[in-house]
Amino acid sequence: MDIRKIHIPVALERCLELLSPALDKAGAVLVDATLGMGGHAEAFLTRFENIHLIGIDRDTQALQIARERLTAFDQRCTLVHAVFDEIPRVLAENRLTSVAGFLFDLGVSSLQLDRSERGFAYSQDAPLDMRMDQTSGVTAADVIATYDVDALISIFRRYGDEKLAPRYARAIVAARSRAPIESSGELVDILQDATPAALKNAGHPAKRVFQALRVEVNDELSALHRAIPAALTATEVGGRVVVMSYQSLEDRIVKAEFAAATNDATPIGIPVPLASSAPTFRLLTRGAELASDEEKTRNSRSMPVRIRAVERVRDAA
Ligand SMILES: C[S@@+](CC[C@H](N)C(=O)[O-])C[C@H]1O[C@@H](n2cnc3c(N)ncnc32)[C@H](O)[C@@H]1O
């Protein structure tokens with residue numbers, strides 16, 4: 001398997017460019033919070049010969065692949081099995097209080113999507129797992145077997161924006177009362193049967209439900225809510241944070257955290273901006289940047305990407 005062919009890192013040149021001013025110095029540390037198969041990591045270690053990279057992933061299979069890919073750099077990388085909201089612990093264990101850069105390339109990797117046994121893909125029949133970290137936590141089958149109708153409706157709506165959420169949730173509960181739903185194929189059949197004929201051609205009926213289950217199983221949004229502030233706190237002056245999101249719920253969290261860090265926090269009613277309330281970060285991207293048309297044609301994974309980046313301009317008061 002040539003991993004360089006199955007996974008092309010998204011917006012690679014833009015990520016290198018955005019982080020370059022922070023990394024172009026001896027001893028700079030870059031945290032790749034979503035190491036995946038190490039595509040971005042390899043490019044950063046190659047381009048910036050003096051950096052040390054801390055690579056985090058919650059998926060042990062991804063870490064194994066990245067470790068092999070990065071053997072030429074093993075003196076300059078530390079790979080850690082963790083959820084990225086554990087950034088404070090990971091840094092403390094490496095005796096670091098602040099670092100020069102963070103890279104987040106959110107979501108699932110091609111590895112997770114392509115390995116049918118992981119259960120992420122609705123197009124392949126497999127056990128309903130969907131855990132990025134297969135060493136712990138509940139599976140999608142557990143969610144489908146145990147959540148009541150209201151809880152299922154809630155996650156399908158919130159994380160999948162699924163208009164047929166009540167219909168799908170009721171169909172699942174009815175089906176599981178007859179026999180346990182254990183495979184992605186069984187779930188797809190239930191969703192397909194529950195889809196009104198008039199909507200059968202409006203995209204794959206399982207797409208949004210599968211996205212919602214994945215977000216729920218991996219507690220993706222809560223982890224991101226905690227991780228972005230943790231990364232900002234640990235970014236040194238001149239350091240930069242780059243985040244690539246692939247769905248609007250993630251991007252909304254990143255946008256809000258970056259807005260809070262880049263806004264003047266002088267309380268309303270105080271007539272002049274207080275120096276102590278001046279922003280600690282500045283935005284490096286105008287709104288969310290998209291992949292170029294050329295990249296979208298070359299790499300379909302880049303189509304939904306939203307890139308946001310900030311730089312720390314001063315220490316917190
Ligand atoms: C899109 S892939 C990253 C690909 C990588 N940039 C590359 O070039 O190979 C996202 C990776 O982040 C990991 N991941 C997602 N959420 C995570 C979290 N909360 N904590 C740690 N790792 C996470 C996934 O397991 C997956 O391997």
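I count a residue as buried when its relative accessible area is under 20%. I keep that cut-off at hand for the charged pairs below. The model I am reading is predicted.

**Entry: the total**
I looked up the salt bridges first. The structure holds 16 of them.

**Entry: Arg131 and Asp129**
Are these two partners buried or exposed? I checked the pair, and both Arg131 and Asp129 are buried. Each therefore falls under the 20% cut-off. They form a salt bridge with each other, and their closest N and O atoms are 2.9 Å apart.

**Entry: a network**
I then looked for bridges with shared partners. I found Arg14, Glu17 and Glu289 joined into one network this way.

**Entry: Arg47 and Glu13**
Which residue does Arg47 pair with in a salt bridge? I found Glu13, with 2.9 Å between the closest N and O atoms. Next I asked where the two partners lie. Arg47 belongs to helix 3, residues 39-47, and Glu13 belongs to helix 2, residues 12-23. The pair therefore ties together parts that are 34 residues apart in sequence. I also noted the accessibility of Arg47: its relative accessible area is 45%, so I list Arg47 as partly exposed.

**Entry: Glu86 and Arg89**
I turned to another pair. The side chains of Glu86 and Arg89 meet in a salt bridge, at 3.0 Å from N to O. What is the relative accessibility of Glu86? I read 26%, so Glu86 counts as partly exposed. Arg89 has a relative accessible area of 34%, and I put Arg89 down as partly exposed too.

Conventions: Residues are numbered from 1 along each chain as its sequence is written. This is a predicted model: local features need pLDDT of at least 70, side-chain atom pairs count only at pLDDT 80 or more; totals for chains, interfaces and linings use all residues. Side-chain values use heavy atoms; hydrogens and water are left out. A salt bridge is a side-chain nitrogen of Lys or Arg within 4 Å of a carboxyl oxygen of Asp or Glu. Helices (H or I, at least four residues) and strands (E, at least two) are DSSP runs, numbered from the N terminus. Buried means under 20% relative accessible area, exposed over 50%, partly exposed in between (1.4 Å probe, protein chains only).
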